[in-house]
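I opened my notebook to look up a few local features.

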Amino acid sequence: MTHELSYVDVDRYDDLSRTDFRNDYLKPVKPVVMRSFAKDWPALEKWDYDYLKKGCGQVEVPLYSEAFAGSDQDYLSSSQRMPFGEYLDLIAQGPTPLRMFLFNIFKEMPELRDDFSYPDLGVQFLKKHPFLFVGGQDAHVDIHYDLDHSHVFLTQMTGTKRVVLYPREDSRKLYQHPLTVSCNIDFRNPDLNRYPKLKELQGYEAILEPGDTIFIPSCWWHFIEYSTAGISLTLRALPETWAQRAAGLNSIFKLKVVDQSLSKLIGGAKWYDIKEKWAHARAEKV
């Protein structure tokens, strides 16, 4: 169980200034939860299930299930599709592992862009790429970090969510699969006999409620668990330096070209097994 691992709470502020955010969290690359990020957003009052169903309930959306740990699937592989309105009805009825992520709802309801804003925090937001994340109770996102190395600002709109974080320097002790941004560990019930290095790590933990925004710095590992069904909005920002941005492009190339080509050449299951053994060998050297 995850309580066998060590966590500290992510810092939390009702009001965090631009200067304090940059000096205390952006520059030292640390996560933080802030209430001030989205405090003036109309979306927090407007974006309920009925409102979204009325606007784009008929749109077919990709859905994701319990994901890639223990399989040769990557975290971008969807399992099925469903009209958005039917999916919202499904998660309202009770627990389901199905979740929706990286959905650009704003192509279908461009008026939603008027319901949120980009705070002045001294970062370069990717304003063309806001994404809606929706999940049913007990759905989860296996631990990974974002492929393009962007900073992530995840705002909880409805429901509650648990977020577990680890810094990039813990990657080998997290048994990262080479060429990817993921690993084989199920953080709902990690096997500490198979992955003993986890016991050496100090993770971070936060429970997000409506109106909370968590800053997940570039290349920070995150596991996300839906405590209840809920909706969240993710705004992304480029890392500060050109070297960091180039590293993000290289990360995309390694996964989408090298890793996937080797998977096709060797066979998905066999290549996954090779990466798992490689990850253990690297972890043992740390």
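I started with a term: a residue is buried when its relative accessible area is under 20%. I also noted that this is a predicted model.

**Entry: a ring pair.** I looked up F223 and read a relative accessibility of 1%, so F223 counts as buried. I then checked F187, which is buried too, at 0%. F187 and F223 form a tilted aromatic pair. I noted 6.1 Å from centre to centre and 35° between the planes. Which parts does this pair tie together? F187 lies in the loop between β11 and β12, and F223 lies in strand β14, so the pair ties together parts 36 residues apart in sequence.

**Entry: strands.** I stayed with β14, residues 221-226. β14 runs antiparallel to β9, and three bridges join them. I looked at cover next: five of the five residues of β9 are buried.

Entry: I found 20 aromatic pairs. One of them is Y118 with F125, tilted at 55°, with 5.2 Å between centres. Y118 is partly exposed at 22%, whereas F125 is buried at 10%. Both belong to one aromatic cluster, whose members include W41, W47 and F153.

**Entry: charges over rings.** I found the charged end of R162 over the ring of Y7, 5.7 Å from its centre. R245 lies over the face of W242, 4.8 Å from the ring centre.

**Entry: cysteines.** How many disulfides did I count? The count is zero. For C183, the nearest cysteine sulfur belongs to C219, 15 Å away. C183 is buried, at 1%.

How values were computed: Residues are numbered from 1 along each chain as its sequence is written. This is a predicted model: local features need pLDDT of at least 70, side-chain atom pairs count only at pLDDT 80 or more; totals for chains, interfaces and linings use all residues. Side-chain values use heavy atoms; hydrogens and water are left out. Buried means under 20% relative accessible area, exposed over 50%, partly exposed in between (1.4 Å probe, protein chains only). Helices (H or I, at least four residues) and strands (E, at least two) are DSSP runs, numbered from the N terminus. Two strands pair if DSSP finds at least two bridges between them. A disulfide is a pair of cysteine sulfur atoms within 2.5 Å. Rings of Phe, Tyr and Trp (its six-membered ring) pair if their centres lie within 6.5 Å; planes under 30 degrees apart count as stacked, over 60 as edge-to-face and the rest as tilted. A charge sits over a ring if NZ of Lys or CZ of Arg is within 6 Å of the ring centre and within 35 degrees of the ring normal.
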